[in-house]
Amino acid sequence: MASSSFSSSCIHDTSCSSRRSGLIKWLWKLLRGRNHAESGGRRSPRVVGEENMLWREPNKSRDDKSKADNEELDRAIALSLAEENKHPKGQNAPGKTDEELARELQQSLGPSAYYPNAPVQFLPRGHRVCAACQREIGYGHYLSCMGNFWHTQCFRCSSCGHAIRETEFTLLGIDAYHKLCYKELHHPKCDVCHQFIPTNRTGLIEYRAHPFWGQKYCPSHEHDKTPRCCSCERMESRSIKYIALGDGRSLCLECLDSAIMDTGDCQPLYHSIRDYYEGMNMRIDQQIPMLLVERQALNDAMEGEKDGTHHMPETRGLCLSEEQTVSSIQRRPRIGGNRIIDMRTHPQKLTRRCEVTAILVLYGLPRLLTGSILAHELMHGWLRLKGYRNLSPEVEEGICQVLSYLWLESEIVPDTHNGASSSSSAPSSSTSSKKGGTSATEKKLGEFFKHQIQHDTSSAYGEGFRTAYASVTKYGLRRTLDHIRYTGRCPI
């Protein structure tokens, strides 16, 4: 073989030393020239974005590299021949022995000679492990972020699971998200229009939220005539239409489910609340008429009442003491589309037979809200019939709110009696006005009506209730009522 005959001739023929030196010098210059070209022409990695994602620009094509290699080979051969012509045969370049040339040749044969396009190693191999798949990254593209390394295909969105290839993304703790995925998950949406709640002029997300239901909505809906349920106060969603009651009020479907619409439907509830009073040792002997009326009829009756007391902040109930003619609802109206139709009323003359002429309640409210209004107005009637005179609004409205609150509690948790009613022989759950118990939806509504009473901000209904409730809790209902009779104030 050519290589073996060449080796043997180099070993036995001393005249080949010059050729050996020339060959070594030729290889040394060739490799030195290539290493110099590669080190000078190698492109350093570039940093993309703010997350230190390293990537390498494309290398030259294979044809370009072959052409460059051929040019370097021709140049090295020419340099070697020129060197041999300068020195006598068998002599090396000045200061360069065969051993030195061989040593330099060996040193030049590093990894870059065999892998001229290998990526730069910023850390020793084995120290760069993908935080996702726990495999060594080695050579190739990778991402450095949060003190860890990832394969580019392993750095994925915690929401959609797809690889994050954008230069900008969002971090939540140690979880990475596409910016749109993060917005979809965490940017609040309006519960009314179902759009992302916009930012204000300062760039902050500003929205309104109901204190009990937690319903979030854009501030603009407070002024764009979006309907609000007259019972639970929730705003109408664009996907669900409320029922228009025809007097400027709207009713959501949950409240409509237990709404009481005419006087006949309300009679069983009214009698059950009278039984509740009797169970509290507060029997009402007189037969006080009760009428369910429209909003306008209630407002007219309130104007004709000199000393009457009505349920605030919106007039929902009224305990009459004057003779009047009131139009009551005689037949349950039908629902056509999203509104009430076929409302039938009947005028009724109310004559005074005792201190209380009648109790009026606004129609179209859920059973528990209607019952709490009836319990409140019946307490007004009981106080008048029992001779409680000249009470301040804070005392009278406060104790009436206490009876309304206690009745709601008996309906929501009928087997539980608190300290406020235990000393007064509170009625058992058998007096519940709705056979079959109370649904979860209705219980939630009842909790909201209790929340309204507890957090009322008015002086008479809010502060009056909190003062009276504290007295009833401490001394019991009977002792509190006796103290009010003699002093006109709640006991402290």
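## Nonpolar cores

The largest nonpolar core has 78 residues, and those touching the most other members are Leu251, Tyr277, Met282, Leu360, Leu374, Met379 and Ile399. A nonpolar core is a set of buried Ala, Val, Leu, Ile, Met, Phe, Trp, Tyr and Cys residues joined through side-chain atoms within 4.5 Å. Buried stands for under 20% relative accessible area, exposed for over 50%, and partly exposed for values in between, with a 1.4 Å probe and protein chains only. Leaving aside residues up to four places away in sequence, Tyr277 touches Met282, Arg283, Ile284, Ala375, Leu378, Met379 and Leu403; contact means heavy atoms within 4.5 Å. A second core, separate and made of 15 residues, includes Tyr142, Phe149, Ile164 and Cys181.

The model is predicted: local features need pLDDT of at least 70, side-chain atom pairs count only at pLDDT 80 or more, and totals for chains, interfaces and linings use all residues. Residues are numbered from 1 along each chain as its sequence is written, and side-chain values use heavy atoms, with hydrogens and water left out.

## Tyr142 and strand E3

Tyr142 lies in strand E3. Strands (E, at least two residues) and helices (H or I, at least four) are DSSP runs numbered from the N terminus. Tyr142 counts as buried because its relative accessibility is 7%. Between Tyr142 and Arg128 there are 9.4 Å in space, C-alpha to C-alpha, and the two are 14 residues apart in sequence.

Met146 is not a glycine, yet has a positive phi of about 55°. Its place is the loop between strand E3 (142–145) and strand E4 (148–151). With 36% relative accessibility, Met146 is partly exposed.

Lys225, also not a glycine, has a positive phi of about 65°. The loop that holds Lys225 runs between strand E8 (216–217) and strand E9 (243–244). Lys225 has a relative accessible area of 80% and is therefore exposed.

## Packing of H10 and H13

Helix H10 (residues 367–385) packs with helix H13 (residues 440–454) at an angle of about 40°, the axes being 9 Å apart. Axes are lines fitted to C-alpha atoms, for helices over the stretch in contact, and angles run from 0 to 180 degrees between N-to-C directions. H10 and H13 are therefore oblique to each other; under 35 degrees counts as roughly parallel, over 145 as roughly antiparallel, 65 to 115 as roughly perpendicular, and the rest as oblique.

On the H10 side the contact is made by Arg367, Leu368 and Leu369, and on the H13 side by Glu442, Gly446 and Phe449.
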